[in-house]
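Visitor: I am new to protein structures and would like a guided look at one. Could you take my questions in turn?

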Amino acid sequence: MSMITSFLDQVGATLLFLQKILRTMMFKKLKTHEIFEQIWKVTVDSFPTTAMAGFFVGAIMTVQFAMQVKEFGALGYLGALATSATFREVGPLLIAFMLSGKVGAFTSAELGTMKVTEQIDAVRCLGADPIQEIIVPRFVGIIVSSFFLLAAGLMMSVFGGMLLGELFAGVNYEEYLRHVPLIVSPVSILSGLVKCGTFAVVLATICTYQGYSTTGGAKGVGRAVVATAVTTMICIVVMDWMTSFIGDIILTMVRGFRP
C-alpha cells in the first residue's frame, strides 16, 4: 500500500513540475541561445548511440521476419513487414529506451549535482528563476533532440533491415523496398512520429524533475539517476500502450464516419 501511495505521490509531483515548466514557458521569456545550445549538445552526444540502436533494431526485425515469411515463400514482403513493425511499435520503443539511459540519466545526474552542490540555490539567491534559467532550456532541448533522434533512428532501422535482408535472406535492396509503400502507410509513419514525440516529452519531464528534486548528496544523485532510468522505461511502456489504444479509437472513428 505504501508503495502505491509513494508511486502516486511521484506521479503527482512530476505532473505539477511539468505544469510549472509549461507556465514558465508561456509567461516568461525563453533563453533561445541556451535552448539551441542544449539541442546541439544532446543531438551530437546521442546521435551515434541512437543511429547504432536504430540500425540493429531494423536488422533484428528483418532476421525475425525472414525466418517466418521464408516458410510461406513471401520473402518479397520481408522489407515491408519488417519496416512496418519497426515504425509502428518496436523501433520507437527500443530507441526511446536507449535515449532514457543516455540522455535521461546524464541530465538527471547533471541537475542532481547542481542541486546538491547548491548551484541551483545560488541562481535563486541572485534573483533569477532556476526553472527559467536551467530547467526550461534542457526540457525543450531534450524534447526537440529526442524527437529528431528517434526519427533518425527509425530511418537507420531501414538501412539495417536492408543490409540484413541482403546478407541473411538474399533479398536485394530493390526487392526489400518494393512493397514498403503498400504496407507502410502514412498512418504507420504518423503513428511512429506521435510515439516519438510522446516519449520525448516523458523523458524530458522525468529526468528534469528527478534531477531538480535531488536531495542527500552523492547518494541522492545516484538514487535520482536510478529512479530516472526505471521510471522513464515504465512510463514509456505505459505511454506506448496509451498512444496505440487512443490511435486505434481515432482511426475507428475516422473510418466509421468515412462515406
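**A first look at the chain**

Guide: Gladly! In this predicted model, residues 24 or more positions apart account for 84% of the chain's contacts that have a separation of 6 or more.

Visitor: Which elements does the chain hold, and in what order do they run?

Guide: Counting the elements gives nine helices and zero strands. Read from the N terminus on, their order is α-α-α-α-α-α-α-α-α.

Visitor: What share of the residues in the chain is buried?

Guide: The C-alpha atoms fill a box of roughly 70 × 45 × 40 Å along the principal axes. A residue counts as buried when its relative accessible area is under 20%. Of the 259 residues in the chain, the buried share is 41%.

Visitor: How are helix 1 and helix 5 oriented to each other, roughly?

Guide: Helix 1 covers residues 2–27 and helix 5 covers residues 130–169, and their axes lie 10 Å apart. The angle at which they pack is about 100°. Angles of 65 to 115 degrees count as roughly perpendicular. That makes the orientation of helix 1 to helix 5 roughly perpendicular.

Visitor: How many of the residues in the contact of helix 1 with helix 5 are nonpolar?

Guide: From helix 1 come Phe-17, Leu-18, Lys-20, Ile-21, Thr-24 and Met-25, which meet Ile-131, Gln-132, Ile-135, Val-136, Phe-139 and Val-140 of helix 5. Sorted by kind, the residues of this contact include one charged and two polar, and the number of nonpolar ones is nine.

Visitor: Let us turn to aromatic rings. Why is the pair of Phe-147 and Phe-148 called edge-to-face?

Guide: A pair of aromatic rings is described by the distance of the centres and the angle of the planes. The structure holds five aromatic pairs. In the pair of Phe-147 and Phe-148, the ring centres are 5.5 Å apart. Planes over 60 degrees apart count as edge-to-face, so the name follows from the angle between these two planes, 80°.

Visitor: Is Phe-147 buried, partly exposed or exposed, and what about Phe-148?

Guide: Phe-147 has a relative accessibility of 27%, so Phe-147 counts as partly exposed. Phe-148 reaches 54%, so Phe-148 counts as exposed.

Visitor: What kind of aromatic pair do Trp-241 and Phe-245 form?

Guide: Both residues lie in helix 9, four residues apart, which is about one turn of the helix. Trp-241 is exposed at 55% relative accessibility, while Phe-245 is partly exposed at 44%. The ring centres are 5.3 Å apart with 10° between the planes, and the pair is stacked.

Visitor: Which residues do ring pairs link into a cluster?

Guide: One of them is a residue of helix 1 that also meets helix 5, Phe-17. Ring pairs link it into a cluster whose members are Phe-17, Tyr-209 and Tyr-212.

Visitor: How far is the C-alpha atom of Tyr-176 from that of Ala-82?

Guide: Tyr-176 sits in helix 6, residues 173–178, and is buried at 2% relative accessible area. Its contacts beyond four places in sequence include Thr-62, Val-158, Met-162 and Ala-82. Tyr-176 and Ala-82 are 94 residues apart along the chain, and their C-alpha atoms are separated by 9.6 Å.

Visitor: Lastly, is Thr-232 buried or exposed?

Guide: Thr-232 lies in helix 9, residues 217–257. Leaving out residues up to four places away in sequence, Thr-232 touches Ser-100, Leu-203, Ile-206 and Ala-227. Its relative accessibility is 0%, so Thr-232 counts as buried.

Conventions:
Residues are numbered from 1 along each chain as its sequence is written. This is a predicted model: local features need pLDDT of at least 70, side-chain atom pairs count only at pLDDT 80 or more; totals for chains, interfaces and linings use all residues. Side-chain values use heavy atoms; hydrogens and water are left out. Helices (H or I, at least four residues) and strands (E, at least two) are DSSP runs, numbered from the N terminus. Buried means under 20% relative accessible area, exposed over 50%, partly exposed in between (1.4 Å probe, protein chains only). Contact means heavy atoms within 4.5 Å. Axes are lines fitted to C-alpha atoms, for helices over the stretch in contact, and angles run from 0 to 180 degrees between N-to-C directions. Angles under 35 degrees count as roughly parallel, over 145 as roughly antiparallel, 65 to 115 as roughly perpendicular and the rest as oblique. Ala, Val, Leu, Ile, Met, Phe, Trp, Tyr, Cys and Pro count as nonpolar, Asp, Glu, Lys and Arg as charged, and the others, Gly among them, as polar. Rings of Phe, Tyr and Trp (its six-membered ring) pair if their centres lie within 6.5 Å; planes under 30 degrees apart count as stacked, over 60 as edge-to-face and the rest as tilted.
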